[in-house]
Amino acid sequence: MTRVFSGIQPTGNVHLGNLLGALVHWVEDQHRSDSLYCVVDLHALTFPQDPTELRSTTLRLAQLLLAIGLDPDVCTLFVQSHVPQHTQGAWIMECTASVGELRRMTQFKDKSAKAQFVSGGLFTYPALMAADILLYDATHVPVGDDQRQHVELTRDLAERFNSRYGQTFVIPEATYPRAGARVMDLQAPTSKMSKSAESAAGTILVLDEPKAIERKIKRAVTDTETEVRYDVAAKPGVSNLLSILGAATGRTPEEAAVGYSQYGPLKTDTAEAVVELLRPIQARYTELAEDPAETRRLLAVGAGKAEEIAAATLARAKEALGLLPG
Ligand code: AMP
Ligand code: TRP
């Protein structure tokens, strides 16, 4: 049996890169495997957050995930802090990891170099992530490239725990989005579209209005040639538009290129495809946003389902460790 687990932080706005690179796969995977998806609000605390903002971003992200197509009758969707076993499991993982291992995490090195305040939690973040995954006996963890190292660490910790204390955790495997799912910044097409981009004009948000989407795509950086072809090295801007158009219409970028000889029509059609892709998501989101109580109810059901699994795994781990039963 395969079980999928993935998490997304409630910080910033969800953009087209998150959608095409990660979230559309979550929606597909839920029908193929037993899947759990988690809004990892505890991970967001590794940097100081505004409380009002965090609360609302967490709820809105859950609503967006439902709007994209996560079906709470099919998968388990929940908020990390609603399931207390995550922090308990994190402690066990912190005591399984070495300081040297945590220090080698490139995300910690990058983020701590840029931050004014480096919390202890930022350093132990991968132990919490390992607990997230191991508590559910997840076999597959769909993540982007930047999280690859954290999943590798999770495997090492699970193996170490099992060899010290006996078979307890399932060894998970990272899975990566299929090709073509890397969406680049419209203004700087050699960098990934990201919430921390320098210019908002380079990033399409899932909740952007159609007019804003059209404007951003119309102004997307291309190149001085005029030929439309998929060639990431020579034509990063045009290639990005082709991969967006392809992903939004279920084709490869090469297939999407057929029939275009000018940038103008390519941009018009890409904008239209993105607007059409997002239209039903935005409509469902608006409905869900009008009824926050219903979202909270769905999240409570999700947390209940998650806790049942997490509690059993944690009990197994505590027993293996020799913690005296209460
Ligand atoms: P982040 O916004 O960096 O926390 O990423 C959340 C998820 O979206 C991760 O699985 C990333 O790999 C994925 N993701 C983020 N940016 C992009 C992008 N520009 N293209 C494709 N996938 C992305
Ligand atoms: N660290 C991940 C990120 O920033 C989010 C995350 C937390 C996660 N726990 C997870 C992803 C468990 C996969 C599995 O994107």
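**Exercise 1. Locate D41, decide whether D41 is buried or exposed, and list what D41 touches.**

Step 1. In this predicted model, D41 belongs to helix α2, which covers residues 41-44; helices (H or I, at least four residues) and strands (E, at least two) are DSSP runs, numbered from the N terminus.

Step 2. The relative accessible area of D41 is 11%, so D41 is buried, where buried means under 20% relative accessible area, exposed over 50%, and partly exposed in between (1.4 Å probe, protein chains only).

Step 3. When neighbours within four places in sequence are left aside, D41 is in contact with P10, T58, V79, Q80 and S81, contact meaning heavy atoms within 4.5 Å.

Residues are numbered from 1 along each chain as its sequence is written, and chains are lettered from A and ligands numbered from 1 in the order in which they are written. Local features need pLDDT of at least 70, side-chain atom pairs count only at pLDDT 80 or more, and totals for chains, interfaces and linings use all residues, while side-chain values use heavy atoms, with hydrogens and water left out.

**Exercise 2. Describe the place of Q80 and the way in which its side chain meets D41.**

Step 1. Q80 sits in the loop between β3 (76-79) and α4 (85-94), and with a relative accessible area of 0% Q80 is buried.

Step 2. A polar atom of the Q80 side chain lies 3.4 Å from the backbone nitrogen of D41; this is a polar contact (a pair of N or O atoms within 3.5 Å; within protein, one must be able to donate a hydrogen and the other to accept it, and residues adjacent in sequence count only if both atoms are side-chain atoms).

Step 3. Leaving aside neighbours within four places in sequence, the contacts of Q80 include H86, L128 and D132.

**Exercise 3. Work out which residues surround ligand 2 and which polar atoms meet the ligand.**

Step 1. The shell around ligand 2 has 13 residues, the closest being Q9, Y125, M129, D132 and Q147; a residue counts as near if one of its heavy atoms lies within 4 Å.

Step 2. Helix α7 (120-134) and strand β1 (3-8) each supply at least two residues of this shell, and α7 gives the most, with 4 residues.

Step 3. A nitrogen atom of ligand 2 lies 2.7 Å from a polar side-chain atom of Y125, and a polar side-chain atom of D132 likewise lies 2.7 Å from a nitrogen atom of ligand 2. On the side chain of Q9, an N or O atom is 3.3 Å from an oxygen atom of ligand 2.

Step 4. Of the 360 Å² of accessible area that ligand 2 has on its own, the protein covers 89%, the areas coming from the Shrake-Rupley method with a 1.4 Å probe.
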